Amino acid sequence: MDLADLFPRIEDVPEKHDIAPLHQRHYLCGGELKPWNGPAEEVCSPVCMRNGKTLEPRVIGSFPSCTEKESMEALDAAVLAYNSGRGQWPTMAVEERIRCVQAFADRMKEKREEVIRLLMWEIGKSHADSAKEFDRTVAYIVDTIDALKELDRVSSRFTITEGIVAQIRRAPLGVVLCMGPFNYPLNETFTTLIPALIMGNSLILKPPRFGVLLYEPLLTAFRDSFPPGVINVIYGDGATVVTPLMKSGRIDVLAFIGSHRVADILKTQHPKPHRLRCALGMGAKNPAILLPDADLDLAVRETITGSLSFNGQRCTALKIIFVHRDIADDYLKRYCAALDSLKAGMPWEEGVSITPLPEPGKTGYLAGLVADAVEQGAKIANGAGGTFAGTLFRPAALYPVNETMRVYHEEQFGPVVPIVPFDDIEDPIEYVIGSFFGQQLSIFGRDSDTMARLIDPLVNQVCRVNINSQCQRGPDTFPFGGRKDSAEGTLSVTDALRVFSIRAVVAAKGGELNNDIIRDIVRNRKSNFLSTDFIL
Ligand code: G3H
């Protein structure tokens, strides 16, 4: 079937999944939804509409193109809410902050269907994966609350060392700028936003390039669940609204998931870089390494989902596959058969895997990668691979790929899969060592001696080695990090609570006066920090 025919005519869109345009004319600042009368940016869905022979973009809404003025207004609101650590939010008891986040989660759940619909239309994610992203995010909030309760319980006692009595707890850092990626616009943003908030920081959220409108249904819940200014949401062109924030020097923490190029720009804009703390998730080119004794059924299953779920648009996707020459032909045949059975179509279709790509010009870029590889001697191993229509790109498995080809080095972030044959295990190891990235990798094989010999050096190159399993971030309680250009800092449910806070100590040399003061403060619950309250 012609790929273009997979796009619906407007009258063919199932009513249940159709979308009414959402023209957002407000932004959240200082506890108010402020009206916006300035220019707006149109949102075009990657899900094009077929009109006769042509594919037309469909406008599904628009959002404010804020300027430096609104951005600084949001910053002032966040700075005021934090109030040098004296604000209501940073001084609030942990239990009360937890109540606010729980109230937000309850309100958020009411918006499930709206957010899922927007995820499908804004970034082309399948209904099943969009639902998974929403539910995983709610689960992340619940897990974060549980982790903070546990952290607080551990901190709710005094310690006495060398005659000094002390209480040690984690305190917030200040104002956080939070920016997530377009491929997980809700989930990955929330994996920094929620821990940053719950630890007592105030926050400015700038939604990603695509996946902007899905925040609109959540704005009133943000407004009503937290004190004014604790969370502010601004919209618009990144360079226009984010640059002044960074240059102001009043951002204490940058939580950014995106490219290392943009991360570098943002960091260097801060006038006092040593003051800026960063939680960065950046690029990756995770390899799979298939050893000669690999279980091929298993390897095919894992490398297909590893390389192509959400069209390969995951930072953790397998972006290059090294296969031992002895099994290369067999693997290739099976991989291509599995690839060809993936269903391409619209996000709402049952069982769909390959869906429209949200980045403008992406299909052209991917076709360029394929053409370059073919020119240098690779073949498209699956027949119709690499063809495209509008925003839909049929996945292409390229073989044999080598270091002369762009796709060997570039992070394709899309449905093009370079497959590299090797004779000597040193080849993939050298690739990992020479790579600018250092997030994860997968090894497929059966022999435990060989595996062990590979694991020991490779854990010093990446942050997760997966055995006979695809690369992935989850479970979210596991540490998620990267070396080299892949990440700064480690996130997990518990790690993130640490990333967005600092240990602070209240200490007193023992003696009658100090003991009386501490006893009185604790017994009469005069302080939220100096407290032995135990959260149940
Ligand atoms: O885009 C990167 C995400 O963190 C990947 O998460 O491995 O659970 O799909 P995932």
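**Reading helices and a buried cysteine**

Author: Helix α6 is followed by Gly200, whose phi is positive, near 105°; helices here are DSSP runs of H or I with at least four residues, strands are runs of E with at least two, and both are numbered from the N terminus. This is a predicted model, in which local features need pLDDT of at least 70 and side-chain atom pairs pLDDT 80 or more, while totals for chains, interfaces and linings use all residues. Residues are numbered from 1 along each chain as its sequence is written, and side-chain values use heavy atoms, leaving out hydrogens and water.

Reader: Is α6 mostly covered or mostly uncovered, and how many of its residues are buried?

Author: Buried means under 20% relative accessible area with a 1.4 Å probe, protein chains only. In α6, which spans residues 187–198, twelve of the twelve residues are buried, including Asn187, Glu188, Phe190 and Pro195.

Reader: At what angle do α10 and α11 pack?

Author: An angle is taken between N-to-C directions, from 0 to 180 degrees, along axes fitted to C-alpha atoms over the stretch in contact. Helix α10 (residues 296–308) and helix α11 (residues 325–340) pack at about 55°, with axes 10 Å apart. The contact (heavy atoms within 4.5 Å) involves, among others, Leu296, Val300 and Ile304 of α10 and Ile327, Tyr331 and Arg334 of α11.

Reader: Where does Cys48 lie, and which residues does Cys48 contact beyond its neighbours within four places in sequence?

Author: Cys48 belongs to strand β4, residues 40–51, and counts as buried because its relative accessibility is 8%. Apart from those neighbours, Cys48 touches Phe7, Pro8, Leu55, Glu56 and Thr391.

Definitions and conventions: The expected span of a helix is 1.5 Å times one less than its number of residues. Buried means under 20% relative accessible area, exposed over 50%, partly exposed in between (1.4 Å probe, protein chains only).
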